[in-house]
Each structure stands twice: as structure tokens, then as C-alpha cells.
Amino acid sequence: RRVHGGELPQAMLPLSLLNCSIGHSMLVELKNGETYNGRLLGCDAKMNLSLTQVICTSKDGDRFWQLPECYIRGNNIKYLRVPPELVDLVKDEAPPSKSKDKQRGRGRGRGRARGGPSDRGRGRGQAQGQNQQKS
């Protein structure tokens with residue numbers, strides 16, 4: 001998808017863009033066609049938004065409402081339009097790199113106890129010393 005200047009957009013996380021947009025004006029279009037223009041007060045991890053100084057427009061664009069505040073549930077959002085300078089601000093912020101300490105413990109979940117002196121990890125049935133058949 002191409003942006004206004006013809007360059008391809010850089011991948012970014014939507015929540016980081018929303019967090020940088022707090023205090024700025026934005027347009028939110030819902031799945032039912034209504035649009036909300038207002039200043040973002042806050043957002044959460046499920047993209048629920050709190051807006052202030054809101055102008056709501058009906059689906060067909062013939063009715064308008066002015067609201068002091070509104071809350072929009074994230075699963076109703078079709079798209080968001082934020083000022084381009086905010087997108088540039090988020091692009092400049094580098095994503096945090098994963099440290100090697102967090103990756104060290106991966107891949108050790110299954111099969112750790114196999115072949116050891118303990119009786120764990122043998123599956124169903126009897127422990128190692130009790131596997132003799134009864135006559």
C-alpha cells in the first residue's frame with residue numbers, strides 16, 4: 001500500500017501509534033459508518049478509546065452531534081486517521097530490542113527429565129524400579 005508521498009509505510013505497532021497520539025486530534029470511523037472527530041484522552045490494550053471535544057457524524061453525513069466526551073469500544077473501530085506528523089514521530093522511535101537474557105530459557109520445556117536418575121518423565125505406568133512383571 002502506498003502513502004501520499006509514494007513511499008511504502010514502515011511497519012509499526014498500532015498501540016504505540018495510539019499511545020503517541022494521546023492529546024492529539026484524530027478521526028475514528030466505526031464499522032457502522034459513524035465517524036467521531038475528537039482529541040484522544042487515552043487508550044488501552046484492546047484499542048478502546050476515550051475522546052474529548054467530539055463531533056459525531058451519522059453514516060449518511062446529514063446529522064451531527066457535539067459531545068463533551070465519548071468512549072469507543074475497540075472492536076467497533078474500522079479505521080483511525082491521525083495527523084501525519086504523529087506517524088513520523090512513531091517511525092523515529094526505535095522498537096526495543098530483545099535482550100539475550102529473555103531468550104536464554106526458551107526451548108527447554110519438554111523432555112528435560114529424560115534419561116536422568118529421577119523417575120519423572122517416563123509417561124504413564126510404573127516407575128523405573130517397579131517395571132518387573134508379576135508371575
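Strands here are DSSP runs of E of at least two residues, numbered from the N terminus. With that convention, Pro68 is found in strand β4. The model is a predicted one.

**The whole chain**

Begin with the protein chain coloured by secondary structure, which comes to three helices and five strands. The chain has 135 residues, and 23% of them count as buried. Its accessible surface comes to about 11200 Å², with 48% belonging to carbon and sulfur atoms. Of the contacts between residues at least 6 apart in sequence, 41% join residues at least 24 apart.

**The sheet**

In what order do the five strands of the open sheet lie? The order is β4-β3-β2-β1-β5, and the pairing is antiparallel. β4 and β5 (77-81) stand at the edges with a single partner strand each, so one side of each is left without a neighbour in the sheet. From one strand to the next, the twist averages 30 degrees.

Select residues 25-30 and 35-43, which are strands β1 and β2; they pair in the antiparallel sense over five bridges. Within this pair, Val28 stands opposite Tyr36 of β2. Four residues lie between the two strands of this hairpin, where Gly33 takes a positive phi near 100 degrees.

β2 and β3 pair in the antiparallel sense over seven bridges, and Asn37 has Ile55 in β3 as its bridge partner. The hairpin of β2 and β3 has five residues between the strands, and Met47 in the turn has a positive phi of about 65 degrees.

The antiparallel pairing of β3 and β4 runs over eight bridges. Six residues separate the strands of this hairpin, and Gly61 in the turn has a positive phi of about 80 degrees. Here the bridge partner of Leu51 is Cys70 in β4.

In soluble globular proteins, nonpolar side chains tend to be buried together. To see the largest nonpolar core of this model, display the side chains of Met26, Val28, Tyr36, Leu49, Leu51 and Ile72, which touch the most other members among its 18 residues.

Centre the view on Leu51. Leaving aside neighbours within four places in sequence, the contacts of Leu51 include Met26, Val28, Tyr36 and Ile72. Its contacts also include Gly38, Arg39, Leu40 and Leu41, as well as Pro68, Glu69 and Cys70.

**Ser21, in a loop**

Move to Ser21, in the loop between α1 and β1. Is Ser21 buried or exposed? Its relative accessibility is 1%, so Ser21 counts as buried. With residues up to four places away in sequence left out, Ser21 touches Met26, Leu40, Val82 and Leu86.

**Pro68 and Thr52**

Pro68 has a relative accessible area of 68%, so it is exposed. Beyond neighbours within four places in sequence, Pro68 is in contact with Leu51, Thr52 and Gln53. A distance of 8.5 Å separates the C-alpha atoms of Pro68 and Leu51, which are 17 residues apart along the chain.

Thr52 is found in strand β3. Its relative accessible area is 16%, and because buried means under 20%, Thr52 is buried. The two residues also meet through polar atoms: the backbone oxygen of Pro68 lies 3.1 Å from a polar atom of the Thr52 side chain. Apart from neighbours within four places in sequence, Thr52 is in contact with Gly38, Arg39, Leu41, Pro68 and Glu69.

Methods: Residues are numbered from 1 along each chain as its sequence is written. This is a predicted model: local features need pLDDT of at least 70, side-chain atom pairs count only at pLDDT 80 or more; totals for chains, interfaces and linings use all residues. Side-chain values use heavy atoms; hydrogens and water are left out. Buried means under 20% relative accessible area, exposed over 50%, partly exposed in between (1.4 Å probe, protein chains only). Contact means heavy atoms within 4.5 Å. Accessible areas come from the Shrake-Rupley method with a 1.4 Å probe; for residues, only the protein chains shown count as cover. Two strands pair if DSSP finds at least two bridges between them. A nonpolar core is a set of buried Ala, Val, Leu, Ile, Met, Phe, Trp, Tyr and Cys residues joined through side-chain atoms within 4.5 Å. Axes are lines fitted to C-alpha atoms, for helices over the stretch in contact, and angles run from 0 to 180 degrees between N-to-C directions. A polar contact is a pair of N or O atoms within 3.5 Å; within protein, one must be able to donate a hydrogen and the other to accept it, and residues adjacent in sequence count only if both atoms are side-chain atoms.
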